[in-house]
Amino acid sequence: MLDIKLIRTNPELVKENIKKKFQDEKLKLVDEVIELDKKNREAKNHGDELRAKRNSISKEIGGFMKNGQKDKAESAKLEVAKINKELETLEEEQKKLDEEVRQRMLVIPQIIDETVPIGKDDSENVEIEKFGEPMIPSYEIPYHVDIIETFDGIDLDSSRNTSGAGFYYLKGDIARLHSAILSYARDFMIDRGFTYYIPPFMIRSDVVTGVMSFAEMENMMYKIEGEDLYLIGTSEHSMIGKFINTITDEDKMPLTMTSYSPCFRKEVGAHGIEERGIYRIHQFEKQEMVVICKPEDSKKWFENLWRNTVDFFRSLEIPVRTLECCSGDLADLKVKSLDVEAFSPRQNKYFEVGSCSNLGDAQARRLNIRLRGKDGIYLAHTLNNTCVAPPRMLIAFLENLLQEDGSIKIPEPLRMYMGGKDKLVPKKK
């Protein structure tokens, strides 16, 4: 959410930013906010005048009573009562205007960073850098479910019976590999100085609207019926929400956290839940990175975060690349975002395995997350990034480490989490 002062003083900048995001239908919101804000400030000023008048009259009442001027005192009391009634109406009007302004402000997108490429959608994202040499072996790389089935590692039929499409049972060596990747990711981030958290997996609506846009909320979040609770789509939600309505001394910055959680997503409007695959699903697990920092440090931390993901994947011998998200592919709260994509030798292309985002002060403004410095109190900046999110990452792992004999190579960093195994041997061909 933007600072209302920016819309008052530079509405054309806000409109130009909306155009860069190809959301012209939102242009009218800027003018509506200006008009509503003007009415709200006029109402506030009128209220202040009425309160000053009421205070003045109230002081006169005592004098009237002291001098025996009862009629004047009663008349003054009636005037005060009249002012009180007018103030009550005015305050109710202000509440409505405040809410109307807020609802529009929540939809107006954050000002994007000047380095963000301009484009309509993800087809216009820009490749920044590749890490590792993509290799397509001479032998066939089967579909990931077919690979998993050779290890008797998945049961999709049972999950359809218990939960429907978009769910799965992992078992045996594959389930262990899935957990090993998460355990390694946890320790990888701890070794880089991040504090490990396991957060709540449900959050209240005021936190939901603080960490994401309405469009994201509608397409992602599962609501707990009859309660003011939502299942989280990522641990970023509850980790940022942890700091709602707080003031932290700036000398404690940055706060660098890594959090594990299951993630639950409706995936409305996505490319379809897979009937026979684990790429796009309703439930998965993730190791996340979250940073709260001073505004001047957020660009540096953005670079640090996405490089952590690259280093993690490269330590497991998986080629990756980074893509700069264009303006039209940025969620409304994001200032800048970069996707990390892993190489798929089966498809000879890259696919997304993580997303790194700088949200500037957008979440901090919505959730009232502030810092205290020598010059006063100001809004923090927030950032987040995926370290790893199996089972999507599991697909990249299986495809890139599948050997010609059907076994899966276990890179050295994972072996301690896999009972010392250096490979997985299929149970059936």
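Predicted model: local features only at pLDDT ≥ 70, side-chain atom pairs only at ≥ 80, totals over all residues.
1. **Helix α4.** This helix covers residues 70-105, 36 residues in total. At 1.5 Å a residue it should span 52 Å, and its end C-alpha atoms are 51 Å apart, so the two values agree.

2. **Buried face of α4.** Its buried residues are Ala73, Ala76, Val80, Ile83, Leu87, Leu90, Gln94, Leu97, Val101 and Met105. An α-helix has 3.6 residues a turn, so residues three or four places apart point the same way. The packing partners of the buried residues in α4 are α1 (4-9) and α3 (27-66).

3. An unreviewed UniProt entry marks residues 66-107 as "coiled-coil region". In the model that span is 88% helix and 0% strand. Its end C-alpha atoms lie 57 Å apart.

4. **Three-stranded sheet.** The sheet is open, ordered β5-β7-β6, and its pairing is antiparallel. β5 (202-203) and β6 (222-223) are the edge strands; each has a single partner, so one side of each lacks a neighbour in the sheet. Two bridges connect β6 to β7 (residues 230-231). Lysine 223 has tyrosine 230 of β7 as its bridge partner.

5. **Largest nonpolar core.** This core holds 62 residues. Leu177, Phe312, Phe397 and Leu414 have the most contacts inside it. Helix α7 (residues 172-191) supplies the largest share, nine residues. Beyond its neighbours within four places in sequence, leucine 414 contacts Leu177, Ala180, Ile181, Tyr184, Leu316 and Phe397.

6. **Second core.** A separate core has 23 residues, including Val211, Tyr230, Met253 and Met257. Tyrosine 230 is also the bridge partner of lysine 223.

7. The unreviewed UniProt entry lists Thr234, Arg265, Glu288 and Asn384 under "binding site".

8. **Threonine 234.** This residue sits in the loop between β7 and α10 (235-241). Its relative accessibility is 4%, so threonine 234 counts as buried. Not counting residues up to four places away in sequence, threonine 234 touches Ser261, Cys263, Arg265, Lys286 and Glu288.

9. **Arginine 265.** The loop between β9 (255-264) and β10 (283-293) carries this residue. Leaving aside neighbours within four places in sequence, arginine 265 contacts Met220, Tyr222, Gly233, Thr234, Ile281, His282, Phe284 and Lys286. A polar atom of the arginine 265 side chain lies 2.9 Å from the backbone oxygen of glycine 233.

Technical notes. Residues numbered from 1 in each chain as written. Heavy atoms only, no water. Helix = DSSP H or I, 4+ residues; strand = E, 2+ residues; numbered from the N terminus. Expected span 1.5 Å × (residues − 1). Buried < 20%, exposed > 50% of the residue type's maximum accessible area, 1.4 Å probe, protein only. Contact = heavy atoms within 4.5 Å. UniProt positions renumbered as here; feature names shortened; annotations may be inferred. Pairing = 2+ DSSP bridges. Core = buried A, V, L, I, M, F, W, Y, C linked by side-chain atoms within 4.5 Å. Polar contact = N/O pair within 3.5 Å; in protein donor to acceptor, adjacent residues only side chain to side chain.
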